[in-house]
Amino acid sequence: MEYTLKAPMPGLVARVVVVEGESVTEGQELAVINCMKIEISCPTGKRGTVKKILVGEWDEMDVDTPMILLEV
Amino acid sequence: MIKKILIANRGEIVSRIIKTCNLMGIETVVVYSEADKDASYVKQANESYCIGAPSPIKSYLNIESIVTVLKKSKADAVHPGYGFLSENAGFAKAVVASGAIWIGPDPKVLENIESKCYCRKLASELDLPVTPGTIQPIETIRDIYNIAESVGVPLMLKLDKGGGGKGIQRIDEIQDSKKMQAMFDSLQRVGVMAFASGDVYVEKVIERARHIEVQFLADQDQQVICLGERECSIQRRYQKIIEESPSVVVSETERQRLFAYTKKLIHTMRYTGAGTIEYLRDIEGSYYFMEINARLQVEHPVTEYITKIDIVEQQIRIAAGEKLAMQQQDVSFCGHAIECRIYAEDPETFMPSPGIIRKLSLPDTIINTSLRIDSVAEEGGNVPPYYDPLFAKVISWGSDRQSAIEILKTGLMSFVVEGIKTTIRADLAILNHPKFVAGDIHTAFLSEEHCLSQAKLS
């Protein structure tokens, strides 16, 4: 099964803190977005393995833009 | 003579600079990112050019793109506004190299000022009081323990080239060496990534300090005049919310002492243009040099109200090589002015609130000349999530502080904003707070007085 981490708010990708292939636990921070200069942490709702990172640093995002794909 | 100015910024400050250029008969060139292409302030300029994608790194921080427009538009000067590239020596150099005038201090002076340790060292050599701590970057965490032993805690670890509230780490109690090392390493990493320098220095925290800054103008003949002080003690996340002039605590003797410090430092640096020196005042009334802001500041309208001097006009005249037309004794201060920043944020949590402005109605400033609003917000307009949350600056003037506060409150209450959240309620809660009214404020005021939870009630 797949799980997609989506942007909780519009903004910029400040950084992605995991790499493809990494296993992550529920609630772990996967990325940080920058909305109006404030950094907002994006934790995963499920545990699993990072399958694909869909965004790059300083990419612009709307709410719900897919950011990271997990195999759960 | 400057005939055409390129404004390398976005939002309200662009519109502010265009107004002065129009009065001086100077043409304007505006650059904008794709996110700002429909904003109406862009159309106020004589020419406008898109410089890239919304992300600041691709547009407003993109030196190459801006310099290309500079050459194409044949503008003969660049006004950098505040934030973005306004204090970037590399950008200033690129502007000068392309044959245009940089409206600000010489790139070499800017380069020096980028290092806070350089400023601390120079200030202490000139016998200005500097906050206890190191005047050069520390080598190891051993230095932090040494400073803690001699001046005590709390301390701040600060990035030598940091700014905008970034790159500050507070140490409330002495940690074991493992934790301290981790803190030091992480700050160095932030520095290398964000400011291309991992240098860190240590400063003692001045508790219950008041933030007092002095606005100055310096021409190419090294004449320096001070346009009074501004008190900016109401802050959150090291960012200012309310600024006023004069400060209720600064006596005439203290003011003259601050002016003397400012003139000595600015003269020695061979700084030209407008700028600000920030000081901290502790509860005993001692002052400490903090830093130099080598740009036009967000809160400059406060000074313009009480001195009737257009600071942007002075910046342009100085950059064009004109001598200051006035001396210190010609500067007079009239009444009291207060600026309040409205942010596009939740008034209780201060979380960002970008989006479309569905409805907007601003207070009258045509009949009411005691109120000034610097904003480019418009009904149907967009507040993009990529930039600073500043939505509007509301500035009031009164014959005394009390009347300035009343005019500001009336102004804030007549705002109507729908579609996004704003901090108007939080601003009003501060202005109504008995301690604020009494002038009993300091930089930790907001966190101590819980004005945010009071914003819920009002």
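This briefing describes a predicted model with chains A and B. Local features are reported only at pLDDT of at least 70 and side-chain atom pairs only at pLDDT 80 or more, while totals for chains, interfaces and linings use all residues. Residues are numbered from 1 along each chain as its sequence is written, and chains are lettered from A in the order in which they are written.

**Chain A**

- The UniProt annotation "domain: Lipoyl-binding", from an unreviewed entry, covers residues 1–71 of chain A; such annotations may be inferred rather than shown by experiment.
- Over residues 1–71, chain A is 0% helix and 56% strand, and the end C-alpha atoms are 6 Å apart. Helices (H or I, at least four residues) and strands (E, at least two) are DSSP runs numbered from the N terminus.
- Four strands of chain A form an open sheet in the order 1-8-6-3, with antiparallel pairing; two strands pair if DSSP finds at least two bridges between them.
- Strand 1 (2–6) and strand 3 (23–24) of chain A are the edge strands, each pairing on one side only.
- Strand 6 (residues 48–53) and strand 8 (residues 66–71) of chain A run antiparallel and are joined by four bridges. A:Lys52 has A:Leu69 of strand 8 as its bridge partner.
- A:Asp64 is exposed because 12 other C-beta atoms lie within 10 Å. A residue is buried if 20 or more other C-beta atoms lie within 10 Å of its own, exposed if 12 or fewer, and partly exposed in between, with C-beta atoms placed from the backbone.

**Nonpolar core and chain contacts**

- The largest nonpolar core has 144 residues, of which A:Ile33, B:Ile5, B:Val78 and B:Phe216 touch the most other members. Strand 19 (residues 390–398) of chain B gives the largest share of this core, six residues.
- Such a core is a set of buried Ala, Val, Leu, Ile, Met, Phe, Trp, Tyr and Cys residues joined through C-beta atoms within 7 Å.
- Beyond its neighbours within four places in sequence, A:Ile33 is in contact with residues including A:Met9, A:Leu12, A:Val13 and A:Met61; contact requires C-beta atoms, placed from the backbone, to lie within 7 Å.
- Between the chains, 12 residues of chain B are in contact with 10 residues of chain A. The chain B side has 10 nonpolar, one polar and one charged residues.

**Chain B**

- An automatic or database assignment divides chain B into domain 1 (4–103), domain 2 (132–204) and domain 3 (210–457). The centres of domain 1 and domain 2 of chain B, taken over C-alpha atoms, are separated by 35 Å.
- In strand 8 (residues 200–204) of chain B, four of the five residues are buried. Five bridges link this strand to the antiparallel strand 6 (residues 155–163) of chain B, where B:Leu155 stands opposite B:Lys204.
- B:Cys232 lies in strand 10 (residues 224–236) of chain B and counts as buried because it has 27 C-beta neighbours inside 10 Å. B:Cys232 and B:Glu244 are 12 residues apart in sequence and 6.7 Å apart in space, C-alpha to C-alpha.
- The peptide bond from B:Val153 to B:Pro154 is cis, with omega near -5°, and B:Pro154 lies in the loop between helix 6 (142–151) and strand 6 of chain B.
- A cis peptide bond also joins B:Ser245 and B:Pro246, with omega about -5°.

Conventions:
Contact = placed C-beta atoms within 7 Å. Nonpolar A, V, L, I, M, F, W, Y, C, P; charged D, E, K, R; others polar.
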